Structure formats: C-alpha cells, structure tokens
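Take a look at the model below and keep it open while you read. We'll walk through it one region at a time.

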Amino acid sequence: MRWRLRYLQHDLELSEGQFAVGRNATCQLSLDDPLVSRRHALLAVNDEGVTIEDLQSRNGVLVNGKKITERVPLQVGDRILIGAQELTLLQGRAVTSRDHQTTGHQAKMTLPKMEASLRMPSDLAGPGPSSSVPAPDGSGGSGSDIDVSMVRRADAFKLLGGVAEKALALGRAVEAERLLASPLADVIEACRAGRKLPSQLVDQAAKFSSKLATSTGKGAWADYVIELYAAQGRPCPAVVIDELYIAMRKVATVDVNRLREYLAMLRAKLSSLGPADRFLFQRLEGLERLAALR
C-alpha cells in the first residue's frame, strides 16, 4: 500500500524510507511554526506501514489527540499534531510514471512558509492602499540593549495582530493562526537566542498565543506563553493570565512541568517582587492547579 501525508491543501506521497518533520530546512517537511522544533518528528515508511516517533521535541507529538512517548504505528485517517499544525495520513494514489519522478523519501517540501507579507482576505483587510502586511525585518541584534529590529517588529505586529483579531472575532481561528505563526516564531526564536525584546512585543505575542490556545484548543500555544515569560523572568500580565484561565478549560493537553518550573523560578525571587507582581504570581499558582486537572 502507498501512503500520502495531507497538510492544508497539500498532499505529499510517502515512499519507503524515513521522513523528517520540523522547522529545519533539511527536513523533508519544513513547517514555519514557533511550536515546532528544528527536528520534531520522524516518520518511517516500509512495506508493513508507517510509524512516527517524537525526536525529543519541546512540545511533543499528538496522534489522534494523545501525546506519544515512543514510536507508534499509524493508520489511514490518523491525525498528527506537530506544534500547532495538523497532518493526516491518507492512502496513496495509484502509481504513475510522474510519481516516480516527484515522490520518494528524499523529496524536500517546505509547507507553508507563512510569511507576514501574505495577502489578507478582502473581508479582513483594513483600509488603505494595500491589504498586505509588511514583512518583518529579519536583521539580528547584539549587546544587552533592546534589539532595534525587534522594536520595529513590534509596530508590524500591531497591524498583523489587528487582522488576526478580526479573524478570531469571525470564528476563523485557522486563518488567524496562519497569519500569526511566522511573527510568533520570530519572537520565540529571538527569545531563545537570548536577545533582549521590548516588553510590549513580548506582551503582544503572549496575548495572541493565549488567544490561539483558546480558539484552537491547542495547549502548545499556552506552553509558548509560559516559555516566553520564563525567559523574561517576570510574571505574565493580568490580561494574558485571564486568557490562559479560559484556555485551560478548552485545551487538550498542556505542559504542566514547564509551568511548574516557571513558578519555581518566580517563587525564588518572590521577595524582590512588588505587590502587583506578587498578586499575579498567586493567580499563576491557581493556573497551575487548573492545568494539573487536564
């Protein structure tokens, strides 16, 4: 039997061999998603079927809503969640001469590079001569000062975020997720690289990722928020915590250990926090209790 992997409107035929999925361009399937690790998962295809394993990724791999802890066999119709991206295993089509030229485990596909310059749907685009969102500047920063390129990116995020807000209000969570994936990836990558980010940009990214957790039911977006503020060494603002409380009642799974590590870090510096931040910490402790019930 032949198999194919469906992602959005794309189908990729799978032939015998190994098939890597991740953010790295060397993967056979490269996903531009901040919740996807560089090498996130590995599919193995042979005469007996298709298996998948988690390559010790940050956010894990879910098959039909359950997090896997070892290599597991896949069946036709199984839904695979990698980061915030869902893929489906389907039965392959009949072999043609063209298939021999275009398929195989060595074929590389980048799906999709969700650039911030994507054309907005006409009913979401705001007024102005163009409905395209300017692509963020990808230049890097150095030193202990706030990265100048990320300051400019905060302004671009405002425009993109406004379009995403409208999509969410219309119940179009998948559209909002596609719009925000690339800029959210930029923020978390800069954070992991130790670059100093404007607090406004961090709060914007956290606000939208927590809203995505609520609207999509994907706990990995809530994990994104915790990772972001753990790197900043400060409590989440009240508006983000409010959204996380809503999200925790809707997401399938969440990384409780990551949340506990974040709280332990804040607890160690509690004596240096002001009254407002101490109150936020108490609310985060309540969030931990809620998350543990998932």
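## Around Asp-255

In this predicted model, a polar atom in the side chain of Asp-255 sits 3.3 Å from the backbone nitrogen of Asn-257. You'll find Asp-255 in the loop between H6 and H7. Setting aside residues up to four places away in sequence, Asp-255 touches Arg-58 and Asp-223.

## The chain as a whole

Stepping back, the protein chain has 8 helices and 12 strands. It runs to 294 residues, and 49% of them count as buried. Now take the contacts between residues at least 6 apart in sequence: 61% of these join residues at least 24 apart.

The largest nonpolar core is made up of 50 residues. Which residues have the most contacts inside it? Those are Tyr-224 and Leu-228. At least two residues of this core come from each of these helices: H2 (148-169), H3, H4, H5, H6 (238-248), H7 (256-268) and H8 (275-292).

Not counting residues up to four places away in sequence, Leu-228 touches Val-187, Ile-188 and Cys-191, along with Val-202, Ala-205 and Ala-206. There is also a second, separate core of 24 residues, and its members include Leu-29, Ala-41, Val-45 and Val-72.

## The largest pocket

Rolling a probe the size of a water molecule over the atoms shows where empty space is left. Here, the largest pocket holds about 540 Å³ of space. It is lined by 33 residues, and the closest to its centre are Leu-81, Gly-83, Ala-84, Gln-85 and Lys-218.

Both strands and helices take part in that lining: strands E1 (3-7), E10 (79-82) and E11 (85-91), plus helices H3 (173-192), H4 (199-216) and H5 (219-232), each supply at least two residues. Which of the elements gives the most to the lining? That would be E10, with 4 residues. Sorted by class, the lining comes out at 12 nonpolar, 11 polar and 10 charged residues.

Gln-85, one of the residues closest to the centre of the largest pocket, lies in strand E11. Is Gln-85 buried or exposed? It counts as buried because its relative accessible area is 6%, and the cut-off for buried is under 20%. The side chain of Gln-85 makes a polar contact with the side chain of Tyr-7, at 2.3 Å. Gln-85 and Leu-31 are 54 residues apart in sequence, yet their C-alpha atoms are 8.1 Å apart in space.

Thr-88 lies in strand E11 too. With a relative accessible area of 18%, Thr-88 also falls on the buried side. Leaving aside neighbours within four places in sequence, Thr-88 is in contact with Arg-4, Leu-5 and Arg-6, and with Gly-77, Asp-78 and Arg-79.

## A buried serine

Ser-30 is found in strand E4, which covers residues 29-30. Why does Ser-30 count as buried? Its relative accessibility is 1%, and buried means under 20%. The side chain of Ser-30 reaches the backbone oxygen of Arg-23 at 3.2 Å.

## Two loops with a positive phi

Most residues other than glycine have a negative phi. Gln-56 has a positive value, near 55 degrees, and it isn't a glycine. Gln-56 belongs to the loop between strand E6 (49-54) and strand E7 (61-63). Gln-56 counts as exposed because its relative accessibility is 79%, and the cut-off for exposed is over 50%.

Asn-64 isn't a glycine either, and has a positive phi of about 55 degrees. Look for Asn-64 in the loop between E7 and strand E8 (66-67). At a relative accessible area of 36%, Asn-64 is partly exposed.

Methods
Residues numbered from 1 in each chain as written. Predicted model: local features only at pLDDT ≥ 70, side-chain atom pairs only at ≥ 80, totals over all residues. Heavy atoms only, no water. 1 Å grid on protein atoms, 1.4 Å probe; cavity = no way out; pocket = protein on both sides within 12 Å on 5 of 7 lines; lining within 4 Å. Points joined across faces, edges and corners; volume = space filled by probe spheres on them. Nonpolar A, V, L, I, M, F, W, Y, C, P; charged D, E, K, R; others polar. Buried < 20%, exposed > 50% of the residue type's maximum accessible area, 1.4 Å probe, protein only. Polar contact = N/O pair within 3.5 Å; in protein donor to acceptor, adjacent residues only side chain to side chain. Core = buried A, V, L, I, M, F, W, Y, C linked by side-chain atoms within 4.5 Å. Contact = heavy atoms within 4.5 Å.
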